[in-house]
Amino acid sequence: MSNIVNIEYNRVTNTTSSDFPGFSKDADNAWDIEKFKKTFDIQISSIDERDINFDLMHVDTSIANAFRRIMISDVPSVAAEYVYFMNNTSVIQDEVLAHRIGLVPLKVDPDMLTWVDKALPDEERFTDENTVVLSLNVKCTRNPDAPKDATDPRVLYNNAHVYARDLKFEPQGKQKETFANCPVVPCDPDILLAKLRPGQEISLRAHCILGIGGDHAKFSPVSTASYRLLPQITITEPITGESAERFQACFPKGVIGINKKGEAVVEDARKDTVSREVLRHEEFEGKVKLGRVRDHFIFNVESTGAMTPEEIFFKSVRILKNKAEYLKNCPISQ
């Protein structure tokens, strides 16, 4: 089986995989771990505090997709789960405001908390080991020093806008020492939670616990986790002169270059979006083949800010390993 998925004018061919990863009727079906060690590779293209772009090479699609799904649904993070209102005279309903607060990403290392045992009664369920408490106490008043011609509510009033930064961490028990060097704060302090007018007030406490994205999207540590297959462009016949320039214009900038001989050459297929624009032109018919490499995945992971993207990926690897161990040792597999 060819390792290239063929991109044609009106169809995509050679897409069929097999139930057995790496299976081919023309090759040995046995999976060789030594061969895998030699061929498997990861190359990081870019990385910063929130984003990582890397290539995962020579693995089956099922493995790559497992990492993607685990990063979205199974890597735990911390978010507000229970919100207790003392007062809310704003125009936003309690449940809507609670939902907005729950979706605020929090800068908390999930390894610093334990899981809440929901089998326990309410009075014993939350402890300083499994729960982080945030409070929000904001009241809107008129600004006596506002200019007479002012129209901006932020000038006319105090606390007209309630932001994520107004959520204050309240250490419980040993948390003052535990979180001394890393107090709990929102990852993005400028998230707007509500708008108030004079006389309106919000007073609440939020209990934040561990959870996974499979239970609720607010617990997902990634904004996006996606991959695409590496594009492949094969020029089968020389394309020169003005034709080469037109050929170059069919692709995004940086994909096709023109050498000293005036011939079109592939500079960086990785930048291609596989738009198939080149296949619309009759002059290039039979001169180029488009495809995607079946076992070369270009990953893009964007963190919400609670953890670095590389930490999220490492945790997904450990979780997949634990899932495989569980499956191997469970009674059914025996």
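I began with an open sheet of 4 strands, in the order β5-β12-β6-β10, with antiparallel pairing. Its edge strands are β5 and β10, each pairing on one side only. I am working on a predicted model, where local features need pLDDT of at least 70, side-chain atom pairs count only at pLDDT 80 or more, and totals for chains, interfaces and linings use all residues. Residues are numbered from 1 along each chain as its sequence is written, and side-chain values use heavy atoms, with hydrogens and water left out.

I noted the terms for the sheet. Strands (E, at least two residues) and helices (H or I, at least four) are DSSP runs, numbered from the N terminus. Two strands pair if DSSP finds at least two bridges between them. Strands of a sheet pair through backbone hydrogen bonds, either parallel or antiparallel.

**Entry: the pairings**

I went through the sheet pair by pair. β5 and β12 pair in the antiparallel sense over 10 bridges. There I found tyrosine 84 bridged to arginine 205 in β12. Next came β6 (residues 132-139) and β12 (residues 201-211), antiparallel over 8 bridges. Asparagine 137 has serine 203 of β12 as its bridge partner. Leucine 134 has alanine 206 as its partner in β12. In β10, the partner of leucine 134 is phenylalanine 169. β6 and β10 (residues 168-169) pair in the antiparallel sense over 2 bridges.

How many residues of β6 are buried? I counted 6 of its 8, so the strand is mostly covered. Buried means under 20% relative accessible area, exposed over 50%, and partly exposed in between, with a 1.4 Å probe and protein chains only. In β12, 9 of the 11 residues are buried, so that strand is largely enclosed by the rest of the structure.

I looked at α3 (residues 94-102) and found Leu97, Ala98, Ile101 and Gly102 buried. They cover an arc of only 140° around the axis, which puts them on the same side of α3. The arc is that of the directions from the helix axis to the C-beta atoms. The buried residues of α3 pack against β5 (77-88), β6, β11 (192-195) and β12. For such packing, contact means heavy atoms within 4.5 Å.

I then turned to α7 (residues 241-249), where Ser243, Ala244 and Phe247 are buried. Seen down the axis of α7, its buried residues fall within an arc of 100°, so they line one face of the helix. On the other side of α7, Glu242 and Ala249 are exposed. The cover over the buried residues of α7 includes β13 (222-235), β14 (256-258), β15 (264-266) and β16 (288-303).

**Entry: two single residues**

I found glutamine 200 in the loop between β11 and β12. Is glutamine 200 buried or exposed? Its relative accessibility is 17%, so glutamine 200 counts as buried. Leaving out residues up to four places away in sequence, glutamine 200 touches Thr89, Ser90, Val91, Val138, Lys139, Cys140 and Lys195.

Isoleucine 42 sits in strand β3 (residues 41-47). At 36% relative accessibility, isoleucine 42 counts as partly exposed.

A pocket is an open set of points on a 1 Å grid over the protein atoms alone, with protein on both sides within 12 Å along at least five of seven lines; lining residues have an atom within 4 Å of a point.

Among the lining residues I listed Asp74, Pro76, Trp115, Lys315, Arg318 and Ile319. Helix α8 (residues 309-329) gives the largest share of the lining, 3 residues. By class, I read 7 nonpolar, no polar and 4 charged residues. Ala, Val, Leu, Ile, Met, Phe, Trp, Tyr, Cys and Pro count as nonpolar, Asp, Glu, Lys and Arg as charged, and the others, Gly among them, as polar.

Terms used
On a 1 Å grid over the protein atoms alone, a cavity is a set of points where a 1.4 Å probe fits but cannot get out, and a pocket is an open set with protein on both sides within 12 Å along at least five of seven lines; lining residues have an atom within 4 Å of a point.
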